[in-house]
Amino acid sequence: MENHFTVLQTDPASRARLGCLVTAHGEIETPCFMPVGTQGTVKAMLPRDLLEIGCQILLGNTYHLYLRPGHEAIRDLGGLHRFMAWDRPILTDSGGYQVFSLGAMRKITEEGAQFQSHLDGSSHLLTPEKAVAIQEALGSDIAMTFDECIPADASREYVRTSTARTIRWAERCIAARTRSGQLMFGIVQGGLFEDLRRSCVDALVALSFEGFAVGGLGVGEGEEQLREIGSFTVDLLPTDRPRYLMGVGRPQDIIHAVRAGFDMFDCVIPTRNARNGTLYTWQGKVNIKRAEFANDARSLDENCGCYTCRNFSRAYLRHLYMAGEILSAQLNSLHNLYFYHRLMDKCRETIRGGRTELWTRLWEPREAL
Ligand SMILES: [Zn+2]
């Protein structure tokens, strides 16, 4: 099997690595962050602006696009890249996470997951074969296997049964592939149990995946367990394949996970928090809603080169937020995503330059003044 991933450099003081992943729509430098484009759009962001901030790859949600407008409609309109006017790589998730978090009345069988649409209550069966067919119709560069995302408080017996089924579903996803040019990543589950994580990795590594993801973290297990299980699991994965930590994305979590050896990340935090008025700066977090910013003429972050920080004051950003203006979501999202992409730049520069002493100084989770 052709390997699409190259490790270019490793950090002598940690497990971090610099890599290059080749996809049908171009190369991706890793470690990288993928903004979440839930419904064929990264909320409040123009594709033009995503390009300008250096975004390399987006994530699209299979569940949402399948229910609305429908994967066949998108395929007939030329595929997801054409539909959303994004010519760079796209990774699609398999829909599993949303079925389990948004779908009502869900019922899991060996066949797949039966659920009711959160939009209109209509009934659907998502199977591994269907998840692959939808992602092939969307035409993403990287497809994910259909898995069950298990809650952090699930019993060992439940996790064991569910993980075994997720492995059988991964085998069916491989068998269902009909397209060349689309990479497929397998998803490691196993909850908070190291032996179940290990047996899941062993089973998936035996299959021909172009990359691996670690799922089922960032689901309420707490920071310590997230880090322990994340580090434990990434260490079991082949070093010559990309490793994607799904859905985990506070800046401090990303820095920790890069050092543990993960290459790819996605999270709604930068965009969702932007819409809620929580902004990330190099001095820490800023809650732009606070009254103290009402007359603050300073830019949000004087060390940030984004369009928002180059042009607007904290007072203006607070005003837009308080007035409920659409521009508030736009300017805030632009800044937070710019920050996340510069954070990934700094991670890559730290590895490239062997500047190990920089890791602890990249960012600290404190409130900025
Ligand atoms: Zn900025």
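Is Asp 345 buried, partly exposed or exposed, and what is its relative accessible area? Asp 345 is partly exposed, with a relative accessible area of 21%; buried denotes under 20%, exposed over 50% and partly exposed the range in between, for a 1.4 Å probe and protein chains only. The model is predicted, so that local features need pLDDT of at least 70 and side-chain atom pairs count only at pLDDT 80 or more, whereas totals for chains, interfaces and linings use all residues. Residues are numbered from 1 along each chain as its sequence is written, and side-chain values use heavy atoms, with hydrogens and water left out.

Asp 345 forms a salt bridge with Arg 348 at 2.7 Å, N to O, a salt bridge being a side-chain nitrogen of Lys or Arg within 4 Å of a carboxyl oxygen of Asp or Glu. Both residues belong to helix α14 (residues 326-352) and stand 3 residues apart, about one turn of the helix; helices (H or I, at least four residues) and strands (E, at least two) are DSSP runs numbered from the N terminus. Arg 348 counts as buried, at 8% relative accessibility. Through salt bridges with shared partners, Glu 29, Arg 342, Asp 345, Arg 348 and Arg 352 are joined into one network.

The structure holds 25 salt bridges. One of them pairs Arg 172 with Glu 111 at 3.9 Å, N to O. Arg 172 lies in helix α7 (residues 156-176) and Glu 111 in the loop between β8 (104-108) and β9 (113-116), so the pair ties together parts that are 61 residues apart in sequence. Glu 111 is partly exposed, at 42% relative accessible area. A salt bridge also connects Arg 177 and Glu 210 at 3.3 Å, N to O. This pair links distant parts of the chain, with Arg 177 in the loop between α7 and β12 (183-188) and Glu 210 in the loop between α8 (194-205) and β13 (211-214), 33 residues apart. Arg 177 is partly exposed at 23% relative accessibility, while Glu 210 is buried at 11%.

The zinc ion has as protein donors Cys 304 (SG), Cys 306 (SG), Cys 309 (SG) and His 335 (ND1), at 2.1 to 2.3 Å. Donors are N, O and S atoms within 2.8 Å of the metal (3.2 Å for Na, K and Ca); water is not among the atoms, so sites may look incomplete. Along the chain, the donors follow the spacing C-x1-C-x2-C-x25-H. The 4 donor atoms subtend angles of 100 to 114°, which makes the arrangement tetrahedral, a term that requires all angles of four donors to lie between 85 and 135 degrees. Cys 306 is buried, with a relative accessible area of 1%, and Cys 309 is buried at 8%.

The largest pocket has a volume of about 700 Å³. A pocket is an open set of points on a 1 Å grid over the protein atoms alone, with protein on both sides within 12 Å along at least five of seven lines, and its lining residues have an atom within 4 Å of a point. Grid points are joined across faces, edges and corners, and a volume is the space filled by probe spheres set on the points. Among the 31 residues lining the largest pocket, Asn 61, Tyr 97, Gln 98, Asp 266 and Val 268 are the closest to its centre.

Notes
Tetrahedral: all angles 85-135°; square planar, octahedral: opposite > 155°, others 65-115°. 1 Å grid on protein atoms, 1.4 Å probe; cavity = no way out; pocket = protein on both sides within 12 Å on 5 of 7 lines; lining within 4 Å.
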